[in-house]
Each structure stands twice: as structure tokens, then as C-alpha cells.
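The entries follow the order in which I worked.

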Amino acid sequence: MGKKKLLRRGWFGTTISYIYLTLLAIIAAFPLVWILLSSVKSKAELAGDPTVFFPKHITFENFRIVFEQLNFGRNVGNSVLVALSTTLVAIAISALGAYGIVRFFPKFGRKLTRVLITTYMFPPILLAVPYSIIMGKFGLMNNRIGLVIVYMSFSVPYAIWLLVGFFQTVPIGIEEAARIDGANKLQVFYQVVLPIVAPGIVAVAIYTFINAWNEFLYSLILINSSEKATVAVALKSLEGQEVLDWGVMMAASAVVVIPSVIFFMLIQKKIAGGLAAGAVK
Amino acid sequence: MKSRHIKAQITSFCFILPALTVLALLLLYPVVTSVFYSFTSKHLIKADYEFVFFKNYIAVLTDPDFWTSFLTNIKWTITSLFFQIVVGFLAALAVDRIRKGKSFFRTILIIPWAFPSIVIALSWKWILNGVSGFLPNILVKMGIVDTVPQFLSSANLAFPVLVMINVWFGAPLIMVNVLSALQTVPRDQYEAAQVDGASPLQSFLHITLPHIRIVMGLLIVLRTIWIFNSFDMIYLITGGGPAGLTQTVPIYAYNVGWGLKMLGRSSAVTVLLLIFLLMVCMLYFRILNKWEKEA
């Protein structure tokens, strides 16, 4: 008999748990399901009976409008470019930083983690004012590089926070052995430590990508041409059009939200809980 | 030998230098700039500005709109946080309890967490749409209401609906963190308690809660700040309306800075916001430190 089975659990509580979770699952998933269903319905069906669940005819007309008329592919390109650059730079900076904190400055590191929590406190709207002024000064307004720089402000603290937890699991013995063999600190980092924590780094990188892909406020304030707009801001501008076409908006929403959901499901086990765990350590 | 030691220190320092630079340039420097501009008449477009001392702060603090926003913000934070914790905590306990379908429910329940704010806004606006929205129409069809309810433009409904959307979005994060905190509670303590004849409620109060309260405390700190600062969701769903009923301080700051184009005054608002959050956090951390010492 397994140890867990010693715990008696009443069927009543378990049934209630299933009912509660099923109810929550329906509520949690409904907007995603509704986006997908609405995106393949025709205009007539959307305007007809709004309570009909499944489309009678599946049409991809909305997606055609999104990509051919609205040129949404360009915005997807912008977002991929910005989010990918943000991820690469942020992970390089954070991996070095988190390793340095864990291995060389553990005492100072504990203080730094507190500082990272404090940066969490800065209202994004507080940073938005100086960012718009500073970016204007350096000619980085309406510039995708400027956006990547600003995105470091939330991605680096977050990534360091999560990565510190992963680096703490690397046994120092392995590193010392490599040092004795004559490798310098950077070589030890690259050749010994990085491969061990690679799965963690990939998870944090994907999380960083999702956050950059989803970001709205800075993109709204710093980018002012539709050519350079990210998906979030391009989506917002669809809503400003005179005639609201919900089918088209849902098709565009599907394009934006599906990558986020899929990537997030892949990494959730690794990221989940790291937030609180990393800060308590 | 000594110079070698210093050299080693320098290489070690190089590891954290880029991260420190980011912190200094992108977080510390902007905050200092904000404090500086809050004492000036900085305009969004005009280049020249002058020093106005406390004029911005006086203007903000004597504006009844600011205080209304502040109260709305507190109401928004407390109600959202409360329901996020209740829903998320119960979900964690439920997932922890069941045997089959654990990872299925976990995966489905975190979906809202991955949503970009603009998609949260658009999808809920579409679901709640006063003409062809699914929910208002199904409520009419089921005979629960007579006329199609205007969820986002009615004075009575807009705020609670916004809070519900925020609970939908935020409860998964609470659930996942509580769930991983629950894993750290040693199982044999439950067994021992059961042998001693403790009720499930007693086990929960005397074993589970003391084990996870530090993680919970920290979660509450972080969520309080996040919810207090949240801009996207409110801005995108109601824009602070109807009639300013859902206007929180970040929305107020945005309207002053980008609507009225008074960046200086907007800075004053955000600096006040930061000061308030710092005070709240100091209070929280004092409690947390006490708990950590007891543990």
C-alpha cells in the first residue's frame, strides 16, 4: 500500500472538488474557445443569433481580411522581432547576473533580490513618463530598438529572479573540478554550468518572450506609426475603427493569443511557483 | 598574489555588471527623473519648462478627481485581491485533493494567465457586448433578465464586472503558487494528525496554513502591488468609464499626462502612487519578517 493511500479522503469532498474545478475550467477556457469559434463565423452568423455556439459554416474570410487588408503580418513581424531581441539580450544579461549573484556575491545577492522585489513596485505608468522623455531625447521614439531597451526594465529583473533558483541547484563540486583543470570563470560558466541549467534557461526565455509579446503600455506610448506597431497596439487600433467587425477582431486576437497560450502551457510546470519560491530562498 | 586576487574580483564583478547597469539606467534613473519632473511644468509636446516647486502636488492633492480615483483604486485592489485569493486558493486545494485529471485541470485553469491584456479586453468586450454578446443574450434566453444587460456601460455593473474579469485573470497565478507551496508540506504530518483524530479542518489550520503562510504573504504583497498598478486592463476595457466610475490612479495619471499633456503633473501623481505603495510594502514586510523569525 502506497504511503499516500494512508490518507483518508472522503468522497464528498472529492466530488465537490471535481464540480468546482469543472466549473472553473469552463470559465477559464471560455474566452479562448469563444475567440476561436467567432473567428471562423461569417458576419451574418455573428449578427444572427449570438447564443448559437458552433458555426454552421466554417469560413476563413476573417483571417483573410486580417492578413490581406489589414496587413497584420507586418505587426506580427514587428512583435516577433521585438520579443525575440528582448529575450536574447535579457537572457544573456540575466544568466550572467544570476550566476554571478549565486556564485560570487551570495550575500549581496540576497539584498539584490530585495531590490528586485522593489522594482516590481514601480508602477509601469510611473516609468512611462521618463521613458517617453528619454527616448525622445535620444531619437529612439517610434523605434523598435528603443522598445527593446525599455522592455529590459521588466524582463531582466524577472528573469534574474527566476534564474537564481535554477543556478542554486548546480553543485559547486563540478565547477571546482573544472577550475582545477584550468578553465577560467567564463569557460566554467559556458561549458559546465550553462548545459546543466539549459532547460531552466529555455523556460525562462520562453516566459520572457511571452511577456514581451503581450506587452501593451510602453508600446502604446513609444510607437506611433502603424507600420512599426506591435500586435497589441495594432489590435487596439482595430477597435478604433468606425464599423466594429468582431469577426475580424477575433481572428486577429486568435493570431495573438494562440502562441502565448501554447508556449505558456509548455513551460508552466517549470515557471509555476518559481516566483514565490525564488523570493523566499 | 594580491593583484591576482583583485583581478579575480573584477572578473566576478563583470558577471553582474550588465544586470546592475540595466537596474540603474532603466529603473533607478527614470524614477529620479520622474521625481525631478514632478517639480516642473514639463509638457508632453512643448520643449521648454520651468521649475514650479510644489505646484503640481498641490494641484493634484486638491483635485477631488484624484481622491475619487484613489478610493476606486483601493476598492479595486481589495475586492480583486480578495476574490482572486478565495477562488485561487480553493482551486489549489481542489487540485491537490483529486487523483485523476490533476494535470488536465492545472493546464486548463492557467489559460487566462497567458492572455495579453488587449486580448483579455477584446474577448470579454465581445462576450459581454450589449447587442450581440453571448452572455447578455443567453441570460435573456434563459429568462434570468428581461432586457439585454449593458455590463460595461451601466453604472452599477461596470465596476463589479471589471473586478470579475480581473479575478478570472489573476486567480490562476494564486492557484499555481499555492499548489507548489502545498507540495512542501510534509505528508507524514497529516498522517500523524489523522491518527490523533484531528479533523480535516484542524489539519488545515494547524499544519497547512503555518507551512504556507510565508509564501502566501509574499504572494499577497506582490499581487497587491500588481493590482494596484494595473493599467492595461482598465484602460482597455472601460477606459475609466462610465463617468469615471472605474478610474484608478494609474488611469488618472495617464489622462493627466497624455490627455491634458501635463507630464509634470502626471509625474507628481505617479510619485505619490509610488510613495503610497512603498508605505504599504513596508507594513507588509514588517509582518513577513516577524513570521520568518517565528518559523
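**Entry 1: the model.** I noted at the outset that this is a predicted model.

**Entry 2: the interface.** I began with the meeting of the two chains. How many residues of chain B are in contact with chain A? I found 99 residues of chain B in contact with 99 residues of chain A. The two chains bury about 9,000 Å² between them, and 76% of that area lies on carbon and sulfur atoms. I then asked which residues of chain B lose the most area to chain A. They are B:Phe15, B:Arg97 and B:Trp126, which together account for 9% of what that side buries.

Entry 3: I looked up the charged pairs next and recorded two salt bridges between chain B and chain A. One of them joins B:Lys125 to A:Glu239, with the closest N and O atoms 2.3 Å apart. On the side of chain B that touches chain A, helix α1 (residues 2-37) of chain B gives the most, with 20 residues. Sorted by class, that side has 66 nonpolar, 21 polar and twelve charged residues.

**Entry 4: the nonpolar core.** I turned to the largest nonpolar core, which has 198 residues. Those with the most contacts inside it are A:Phe72, A:Phe167, A:Tyr218, A:Leu235, B:Phe115 and B:Val178. Helix α7 (residues 158-182) of chain B supplies the largest share of this core, 16 residues.

**Entry 5: A:Glu239 and its helix.** I returned to A:Glu239, the partner of B:Lys125. The side chain of A:Glu239 also meets that of A:Lys236 in a salt bridge (3.8 Å, N to O). These two residues are three apart in helix α11 (residues 231-239) of chain A, so about one helical turn separates them. Is A:Glu239 buried or exposed? A:Glu239 is buried, because its relative accessible area is 17%, whereas A:Lys236 is partly exposed at 23%. I found α11(A) mostly covered, with seven of its nine residues buried. Among those buried are A:Leu235, A:Leu238 and A:Glu239. The buried residues of α11(A) pack against α4, α9 (185-214), α10 (217-222) and α12 (246-271) of chain A, and against α5 (117-127) and α10 (232-237) of chain B.

**Entry 6: further salt bridges.** Over all chains, I recorded eight salt bridges. A:Arg64 pairs with A:Glu68, the closest N and O atoms being 2.8 Å apart. Both sit in helix α3 (residues 61-69) of chain A, four residues apart, so about one helical turn lies between them. A:Arg64 counts as partly exposed at 34% relative accessibility, and A:Glu68 counts as exposed at 57%. A:Arg103 forms a salt bridge with A:Glu175, the closest N and O atoms being 2.7 Å apart. This pair links distant parts of the chain, 72 residues apart: A:Arg103 is in helix α4 (residues 72-103) and A:Glu175 in helix α8 (residues 172-180), both of chain A. A:Glu175 is buried, with a relative accessible area of 5%.

**Entry 7: A:Thr87.** I also looked up A:Thr87, which is in helix α4 of chain A. A:Thr87 is buried, with a relative accessible area of 8%. Where does its side chain reach? The side chain of A:Thr87 reaches the backbone oxygen of A:Ala83 at 2.6 Å. Not counting residues up to four places away in sequence, A:Thr87 touches A:Ala205, A:Thr208 and A:Phe209.

**Entry 8: loops of chain B.** Last, I checked the backbone. The peptide bond from B:Gly241 to B:Pro242 is cis, with omega near -5°. B:Pro242 lies in the loop between α10 and α11 (249-259) of chain B. B:Ala243 lies in the loop between α10 and α11 of chain B and has a positive phi of about 55°, although it is not a glycine. B:Ala243 is exposed, with a relative accessible area of 82%. B:Lys261, in the loop between α11 and α12 (263-294) of chain B, also has a positive phi, near 65°. B:Lys261 counts as partly exposed at 29% relative accessibility.

Notes
Residues numbered from 1 in each chain as written. Chains lettered and ligands numbered in written order. Predicted model: local features only at pLDDT ≥ 70, side-chain atom pairs only at ≥ 80, totals over all residues. Heavy atoms only, no water. Contact = heavy atoms within 4.5 Å. Buried area = accessible area lost by both parts, 1.4 Å probe. Salt bridge = Lys/Arg side-chain N within 4 Å of Asp/Glu carboxyl O. Nonpolar A, V, L, I, M, F, W, Y, C, P; charged D, E, K, R; others polar. Core = buried A, V, L, I, M, F, W, Y, C linked by side-chain atoms within 4.5 Å. Buried < 20%, exposed > 50% of the residue type's maximum accessible area, 1.4 Å probe, protein only. Polar contact = N/O pair within 3.5 Å; in protein donor to acceptor, adjacent residues only side chain to side chain.
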